Structure formats: C-alpha cells, structure tokens
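Please look over the protein shown here.

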Amino acid sequence: MSSSVPQSASFCAIDFGTSNSAIAIPRAAGGAAQLDVSQSPMALVELEPGHLTMPTAVFYYVDGKHDADGPPRAFGRAAVAAYIEGADGRLMRSMKSILGSGLIDQTTDVGGGRGVKYADILAGYLKRLRSKALAAGAAAPLNKVVLGRPVFFVDGEPARDAAAQASLEAAAHAAGFDEVHFQFEPIAAAFDFESQCSSEQIVLVADIGGGTSDFSVVRVGPQRAQRLDRRDDILANHGVHIAGTDFDRHVELASVLREFGYRSLGPERVGSPAREVPSGVYFDLATWHLINTVYSPQRVAELRNMRSFYGNLQHHQRLMTVVEDHLGHELAARAEGAKIAVSGGGDTVIDLGVVENGLKIELSEQVAVAALDGDINRIVQAGRETVTQAGLKPEQINALYFTGGSTGLRLLAERIAADYPQATLVRGDRFASVATGLGLHAARLFAR
C-alpha cells in the first residue's frame with residue numbers, strides 16, 4: 001500500500017468500542033487535527049483536544065429544546081463531565097452492549113418526559129464521529145466506512161450475532177454512510193502490528209476491550225501487507241463476551257455494593273434461619289445499561305417496601321439514597337476507578353462520601369483478583385482455543401500482541417502470556433491500535 005491516498009478519497013474507518021471509540025481518515029485530507037505522525041496512509045482524528053479516542057458516551061439534557069438531531073446532547077468526555085457536574089439529564093454508556101439484545105428496538109426514557117430509541121442513540125453517536133472527521137478535513141461526502149466488530153457480539157447464538165451486526169450497519173446508514181464494510185477488531189489489530197514487522201510471523205492478537213475479549217491467530221509480514229484478500233492469513237478467530245465492563249461489575253459487587261446490602265442477611269425469625277436479601281437490584285446497579293431501570297417510580301416504591309427484608313437497616317437506607325438520588329452511575333464509575341487503581345498491583349480506597357458522609361471502602365488487589373478469577377480463566381481459555389483452532393501449538397506462536405483497554409490489568413496479561421513463553425510480547429496502543437488497523441484495511445479496500 002502506498003503511503004499516500006488520492007486527495008479526493010472519501011472514506012473512513014471507525015472503531016466503535018464499548019468504552020472508547022476512534023475514527024481514521026486518509027492522511028491526504030490534511031486535517032490539522034490528525035495527531036498520528038507515522039507514514040501510514042491513514043491518520044486518526046483528534047476527537048477531543050489532545051485525544052485520538054473519545055468515550056463512547058452520550059448525555060441527554062433534560063432542559064433545552066429539541067434541535068435538528070433530537071434532544072440536546074453532549075458526547076464523549078463532555079458527556080461524562082456533564083454527569084459528574086450534576087447536570088439534570090441521563091448519561092448513556094456502553095451502548096455497544098445492547099447490540100444483539102431486544103433493547104435495540106425499544107425506546108428509553110432520557111428525562112423530561114422524552115424517549116429515544118436505542119437504535120437512534122447509536123446512529124447519533126456514529127453521526128457525531130462522522131461530523132468530527134469532516135471537520136478534520138475528510139473529503140465529502142464521506143459515505144464509505146469500515147466498521148470494526150468483535151468476533152462475537154453474542155456468544156454461541158449465530159442468529160443474534162447476525163442481528164447485532166445488522167443493527168450496527170443500520171445505524172451506520174442512518175448516520176450518513178452508504179457503503180458499510182466490517183472487519184474483525186483483532187484482525188485490525190494484527191494489521192497494525194504488521195506495519196511494524198520486518199519479517200513474517202505468526203501472531204496471536206489478544207484484544208481485550210470493554211465488552212468482548214477477542215483472539216485471532218494471523219500470519220503477518222511485509223510481503224503480505226499489500227494483499228487485499230487476507231483470508232488465507234487468518235488462521236483462527238475466537239472470542240468471549242467478557243471484558244472490562246464485566247470486571248467493573250464484579251469489582252462493584254465484591255466491594256462497593258456489599259456496603260449497600262448485597263449478600264447480606266435479613267433478620268432472624270423464629271423457626272427459620274436468616275435469608276439473604278434479594279440480589280436483583282444489585283446486579284442491575286452494577287450493569288451500566290440497566291442502572292436507569294432501578295430509578296422508575298414503581299421500582300423505587302418496591303425497594304422502599306423491602307425495608308423489613310434487611311437485618312442491617314443502614315444497608316437499606318444507603319440503597320434508598322442511591323436509587324432516590326440517582327447515584328447508580330456514580331457507584332459504577334467509582335468501581336471502575338478502583339479496578340484501574342489496583343490493576344497494576346496494590347490496594348486502593350473507594351470514597352463513597354457522595355452517598356454517606358465519611359463512607360469509604362478499602363479494596364485490595366487480592367479481593368479484586370478473587371472477584372475476577374472466573375472471568376480471567378474463561379478469557380485465557382479462549383486464547384488457548386484460538387490457537388488450537390488454528391492447528392498450532394503454543395510454541396509456534398511467534399508474537400503475542402496485546403491491545404484493548406483491559407490489557408492494562410496486570411494479572412490478566414500475565415495469565416495469557418504464561419501460555420506462550422517463547423512468544424515476543426508486544427503492547428499496542430490500548431485504545432487506538434484497532435482503529436489504526438481498520439484504517440489500513442479501509443485504505444486497501446477503497447483506495448484501489
């Protein structure tokens with residue numbers, strides 16, 4: 001592939017991630033906001049000042065009139081900031097998680113008596129990325145796109161997996177893209193790795209993001225990089241729908257929500273042992289796209305009437321503070337921050353003063369590891385299965401390439417790497433390498 005693309009080229013590549021997203025456009029567009037300085041024909045767009053990626057987040061304000069694109073919104077870091085600053089509205093994160101579920105066709109309340117279809121939320125976010133690319137100098141009409149997708153949107157259910165891709169494609173069309181192509185995210189990461197290779201290698205790509213953990217075994221090398229059809233070089237793909245948001249949920253359940261009654265016992269009664277309080281509300285509070293379901297008047301009334309179920313009434317009081325003051329997203333964010341704090345080793349303290357003055361919880365790496373052990377084992381096993389599907393033995397893997405935000409979790413990376421002691425360990429950009437590889441694929445596909 002030449003290091004240049006025709007000036008008139010009008011296409012892009014989008015990494016629509018569970019936690020963060022990015023977009024690549026032809027370098028020939030010359031946009032000043034393209035911070036990538038490599039010789040790649042593609043460059044990543046600066047989506048926010050100093051950042052090549054943007055949180056996959058939308059905040060819907062309760063106050064304000066509808067504009068041409070619907071209710072007033074903030075995207076990315078501005079959306080998260082609006083929530084943190086206490087603006088009246090609703091924060092939407094992890095929108096990718098609804099693909100393949102029945103929620104995609106439903107309407108959700110965004111405050112002020114307004115409802116928005118989940119499908120329109122996805123389309124609105126993709127439209128925002130497209131507008132950022134055009135502002136950065138991408139050639140109009142920018143109607144062709146390569147979208148990344150996980151190996152499996154839904155584990156073990158081909159029909160739902162196909163429906164998930166179809167929903168994402170429909171959202172892309174609604175955002176203004178006429179021609180939509182897909183590429184597996186770990187394959188894209190392999191293309192990014194390949195741009196650094198000086199010899200042929202067999203690489204196991206471990207792409208551990210916010211929603212899925214995907215693995216691919218790919219044959220890469222400088223002589224292969226120019227080929228558009230790389231099917232013969234893709235030796236195996238496999239993945240599981242477990243990743244960063246699942247880690248956050250387990251950490252929150254194992255630490256934060258214990259102080260709100262999760263796994264606690266009710267009062268002892270004559271003739272029967274104390275029973276564990278119902279756990280449904282805690283699982284919803286620990287799952288980003290379900291948190292708002294806890295705030296409905298009917299659900300709040302139901303939880304208020306469960307006071308007698310609690311042996312420790314302080315737990316119930318704290319829970320009611322969370323649901324009545326809409327603090328569920330705040331708890332989830334603090335759990336995520338605690339996970340990140342202990343990911344490299346050590347302990348941390350979670351400050352929950354927003355719920356109760358002086359309430360703090362200590363989280364040790366040991367507790368976090370115990371909470372995540374089952375998920376980590378499944379992810380490691382998925383990597384092993386991928387190599388087996390490729391017809392290879394672990395010692396035949398030349399390189400292990402880590403990408404995705406969750407590969408920053410030290411224990412996870414070490415557990416994966418332990419199976420491939422002879423492989424060279426390479427860490428890509430955790431948040432941008434997939435977008436870079438998708439851009440390379442888009443250039444090969446469209447600039448012919």
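This is a predicted model: local features need pLDDT of at least 70, side-chain atom pairs count only at pLDDT 80 or more; totals for chains, interfaces and linings use all residues.

User: Are helix 2 and helix 3 parallel or oblique to each other?

Analyst: Helices are DSSP runs (H or I, at least four residues), numbered from the N terminus. Helix 2 (residues 118–135) and helix 3 (residues 158–174) pack at about 55°; axes are lines fitted to C-alpha atoms over the stretch in contact, and angles run from 0 to 180 degrees between N-to-C directions. Under 35 degrees counts as roughly parallel, over 145 as roughly antiparallel, 65 to 115 as roughly perpendicular and the rest as oblique. Helix 2 and helix 3 are therefore oblique.

User: Which residues of helix 3 meet helix 2?

Analyst: Contact means heavy atoms within 4.5 Å. From helix 2 come Ala119, Leu122, Ala123 and Leu126; in helix 3 they meet Leu168, Ala171, Ala172 and Ala174.

User: Which helix gives the largest share of the lining of the largest pocket?

Analyst: On a 1 Å grid over the protein atoms alone, a pocket is an open set of points where a 1.4 Å probe fits, with protein on both sides within 12 Å along at least five of seven lines; lining residues have an atom within 4 Å of a point. The largest pocket is lined by 45 residues, Glu336 being one of those nearest its centre. The largest share, 5 residues, comes from helix 9.

Methods. Residues are numbered from 1 along each chain as its sequence is written. Side-chain values use heavy atoms; hydrogens and water are left out. Helices (H or I, at least four residues) and strands (E, at least two) are DSSP runs, numbered from the N terminus.
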